[in-house]
Amino acid sequence: MTDTELIPLDRFIEDHGITIETIRVDEKPGFVPYVEPFQRRPSGMMPTPSADEDGWRHFAWSVTLNRGTPGVDHQGIATPFRSGIAHVKRTRKLQYFSQWAESLPLYQPTPPTAADVLDSLASDASAWENARNFEDFANDLGYDTDSRKAEKIYNACGEVAKSLRHFLGNAAYQALLYEVERL
């Protein structure tokens, strides 16, 4: 890191003309209430989240970051993205007098922003770039060096780094990793 002031991530995104497209990929027809143990809530309060093999509940998105002019100098990077179940916005007041309104969910997942996704990709790329090898990566992040899962994560971070460098170009990639204030 240099002694100069860091560039805000939002300004970096604006300066490089980065936009985002999101599609929720875990959306299921109908909504199931999110019920904490020993509490009752009306149906339709929360959309149904997904859960991964470790039991982490989340909303799954297919995200594409774009820059440039389509058909001219367009660059894009597509990636899956997951956000925790607290990333929601209120869509209606709790009480309505219409049956139609009661069928609408009280909360909807908030799509990730370009800053959310770019920061996450930069974090993965930075972890890979700053490691000399897999063992260094595993030690830095607290993984077991004999873990195949950790090696899979290391390789995935390497692919993210290569894709992100191709998307941004080398100078902007280096700036993102070392000169931009992260979230």
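Q: In this predicted model, what share of the contacts between residues at least 6 apart in sequence join residues at least 24 apart?
A: Start with the contacts in the protein between residues at least 6 apart in sequence. Within that set, the share joining residues at least 24 apart is 60%.

Q: How many helices and how many strands are there in the protein?
A: Reading from the N terminus, the elements go β-α-β-β-β-β-β-α-β-α-α-α-α-β. That gives 6 helices and 8 strands.

Q: Which element of the protein has the lowest mean pLDDT?
A: For the protein, the mean pLDDT is 84, with 79% of residues at 70 or more. Among the elements, helix α3 (residues 114-129) comes out highest, at 98. The lowest, with a mean of 53, is helix α2 (residues 99-102).

Q: Are the rings of Phe-137 and Tyr-143 stacked or edge-to-face?
A: Searching the whole structure turns up 3 aromatic pairs. In the pair of Phe-137 and Tyr-143, the ring centres are 6.2 Å apart and the planes sit at 15°. Planes under 30 degrees apart count as stacked, so this pair is stacked.

Q: Which elements do the buried residues of α4 pack against?
A: Helix α4 covers residues 134-141, and Phe-134, Asp-136, Phe-137 and Ala-138 are buried in it. Those buried residues pack against α3 and α5.

Q: Which residue caps the N-terminal end of α4?
A: Past the other end, α4 is followed by Gly-142, which has a positive phi near 80°. For the N-terminal cap, look for a side-chain oxygen 3.2 Å from the backbone nitrogen of Glu-135. That oxygen belongs to Asn-133.

Q: At roughly what angle do the axes of α3 and α5 cross?
A: α3 passes α5 in a left-handed crossing. Residues making the contact include Leu-118, Leu-121 and Trp-128 of α3, along with Tyr-154, Cys-157 and Leu-164 of α5. The axes come within 8 Å and cross at roughly 115°.

Q: Is Ser-126 buried or exposed?
A: Ser-126 lies in helix α3. Leaving out residues up to four places away in sequence, Ser-126 touches Leu-177 and Arg-182. Its relative accessible area is 13%, and the cut-off for buried is under 20%, so Ser-126 is buried.

Q: Is Ile-23 buried or exposed?
A: Ile-23 is found in strand β2 (residues 19-24). Exposed means over 50% relative accessible area. Ile-23 has 55%, so this residue is exposed.

Q: Which residues is Ile-23 in contact with, leaving aside its neighbours within four places in sequence?
A: Along the chain, Ile-23 and Pro-111 are 88 residues apart, yet their C-alpha atoms are separated by 8.2 Å. As for contacts outside its sequence neighbourhood of four places, Ile-23 has Ala-60, Trp-61 and Ser-62.

Methods: Residues numbered from 1 in each chain as written. Heavy atoms only, no water. Phe/Tyr/Trp six-rings, centres within 6.5 Å; stacked < 30°, edge-to-face > 60°. pLDDT = per-residue confidence, 0-100. Helix = DSSP H or I, 4+ residues; strand = E, 2+ residues; numbered from the N terminus. Buried < 20%, exposed > 50% of the residue type's maximum accessible area, 1.4 Å probe, protein only. Contact = heavy atoms within 4.5 Å. Polar contact = N/O pair within 3.5 Å; in protein donor to acceptor, adjacent residues only side chain to side chain. Axes fitted to C-alpha atoms, helices over the stretch in contact; angles between N-to-C directions. Left-handed = near helix turned anticlockwise from the far one by under 90°.
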